[in-house]
Amino acid sequence: MIDNFDVPRKVGSATVYNVTPVRGGDAYLFVFDDVAFLYDSGYGFSSKKLYENIVSVLGERNLDYVLLTHSHYDHALGSAYLSVAFPECKIVGFEYAARVMLKEGARATMTRLDEAARELKGYDEPYEYIDKLHIDIPVTDGQKLKLGSLECEVISLPGHTRDSVSYYFPSERLMLGCETVGLYAKEGVVMPSFLVGYQMTLESIDKCSTYDIDNYLVPHQGMLSGDEVKDFISNSRVSHEYSCKLIIDGFKEGKSIDELVEAFSEVYYHEDIHNVYPPAAYSENVHIQIPMILRESGLLE
C-alpha cells in the first residue's frame with residue numbers, strides 16, 4: 001500500500017513530510033539531522049504555498065537542496081521560486097534538464113501548461129518566476145553526491161523524458177523514483193508513463209531492478225516499502241510488456257488509435273491515476289505512447 005505521508009513518518013534516518021500544495025504538483029520534504037531536501041517542487045503557480053508548507057516544518061532551518069527528477073513543469077517550476085525564497089538552497093537535476101530549462105521554447109511551453117493547470121485548480125495568482133528557473137548542480141549518470149553526511153547516487157532512467165533521473169541513497173536503501181518506471185494504477189498494475197521511448201523504458205526498469213531498495217518513492221503518489229518495492233518494479237515490467245502487446249494486437253485487428261486509447265485506458269486509467277493526470281493531460285500522453293509503440297514495432301512510419 002502506498003504511503004502518501006498524510007501524516008509525517010520516519011523512513012530510515014529521515015522524517016518525511018508531504019508538503020504538496022496542490023495534487024498533481026507533488027513534493028516531499030526529507031529532513032535528516034544535518035540536511036533537509038525536497039523531492040521535486042511541483043507547479044509554478046502554487047510555489048508560494050509550497051514555500052509556506054516547507055517553512056511550517058523547518059521553521060528557521062534552511063532548505064538545503066531540491067532534487068528534481070526531470071524538467072516537466074509539474075515537477076520543476078516550483079524550484080525557481082524556492083531558489084529565491086531560500087537563497088542558499090541548491091537545485092539539483094540532470095545535466096540535460098539544465099540545458100532544457102534555459103531554452104525559450106521550453107520555458108514558453110512550461111508557462112503555458114502551468115497556466116492551464118492554474119485555471120483548472122482555481123488558483124488566482126499567476127507564476128512570475130520563469131526567468132529564475134535553473135539548475136545549480138547539473139548531474140550525470142552514476143555521479144555520487146554528498147548531501148550533508150549522506151551519499152547519493154544519480155541514476156539516469158530515460159523513457160518518460162530524456163532527462164529523467166532517480167536518486168539512490170545506499171546507506172538508507174532508499175530510492176527516490178521517477179516516472180519512467182510508471183505510476184501505481186491498482187494492485188498488480190503499473191501505468192506506463194513513457195513519452196520518449198518504449199524500449200529505453202524497459203531498459204531503465206531493468207536497471208532500476210538491480211538496486212537494493214527498502215523504500216521507493218513513487219512520484220506523485222508516495223512511498224512503497226519492503227516486498228512492495230520489488231513487486232512494483234516487477235509489475236512495471238509486466239505492465240509495460242502487456243501494454244505493448246495490447247496495442248500491437250489491437251492495431252493488427254484493425255482498431256483505430258481512438259479505439260486503442262480506449263482499450264489502454266480500461267486497463268490503466270484508474271482512480272489513483274485520475275488524481276495525477278486529469279483527463280486532458282492523460283489523453284495527450286496516451287496519444288503519444290500508442291503511436292510510439294507502433295513505430296518502434298515497425299507498424300507505423
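How many residues lie between S14 and S15 in the hairpin that they form? There are 3, and His220 in the turn has a positive phi of about 75°. The structure is a predicted model, in which local features need pLDDT of at least 70 and side-chain atom pairs count only at pLDDT 80 or more, while totals for chains, interfaces and linings use all residues. Residues are numbered from 1 along each chain as its sequence is written, and side-chain values use heavy atoms, with hydrogens and water left out. Helices (H or I, at least four residues) and strands (E, at least two) are DSSP runs, numbered from the N terminus.

**Hairpin**
- Strand S14 (residues 215-218) is antiparallel to strand S15 (residues 222-225), with 4 bridges in the pairing; two strands pair if DSSP finds at least two bridges between them.
- Asn215 has Ser225 in S15 as its bridge partner.

**Open sheet**
- The order S1-S2-S3-S4-S5-S6-S7 describes an open sheet of 7 strands with mixed pairing.
- Strand S1 (9-11) and strand S7 (137-139) are the edge strands, each pairing on one side only.
- From one strand to the next, the twist averages 25°; axes are lines fitted to C-alpha atoms, for helices over the stretch in contact, and angles run from 0 to 180 degrees between N-to-C directions.
- S7 runs parallel to strand S6 (residues 90-94), and 3 bridges join the two; Val92 stands opposite Ile137 in S7.
- Helix H1 (residues 47-58) lies across strand S2 (14-18), strand S3 (28-31) and strand S4 (36-39), at about 25° to S3; contact means heavy atoms within 4.5 Å.

**Largest pocket**
- The volume of the largest pocket is about 800 Å³, taken as the space filled by probe spheres set on grid points joined across faces, edges and corners.
- A pocket is an open set of points on a 1 Å grid over the protein atoms alone, where a 1.4 Å probe fits, with protein on both sides within 12 Å along at least five of seven lines; lining residues have an atom within 4 Å of a point.
- Of 32 lining residues, His72, Tyr73, Leu113, Glu284 and Asn285 are the closest to the centre.
- H5 gives the most to this lining, with 8 residues; helix H2 (73-76), helix H4 (95-100) and helix H10 (279-296) are among the helices that each supply at least two.
- The lining comprises 19 nonpolar, 7 polar and 6 charged residues, where Ala, Val, Leu, Ile, Met, Phe, Trp, Tyr, Cys and Pro count as nonpolar, Asp, Glu, Lys and Arg as charged, and the others, Gly among them, as polar.

**Aromatic pairs**
- The whole structure contains 17 aromatic pairs, defined by ring centres of Phe, Tyr and Trp (its six-membered ring) within 6.5 Å; planes under 30 degrees apart count as stacked, over 60 as edge-to-face and the rest as tilted.
- Tyr81 and Tyr129 form an edge-to-face pair because their ring centres are 5.0 Å apart and their planes lie at 85°.
- This pair links distant parts of the chain, 48 residues apart: Tyr81 is in helix H3 (residues 78-85) and Tyr129 in the loop between H5 and S7.
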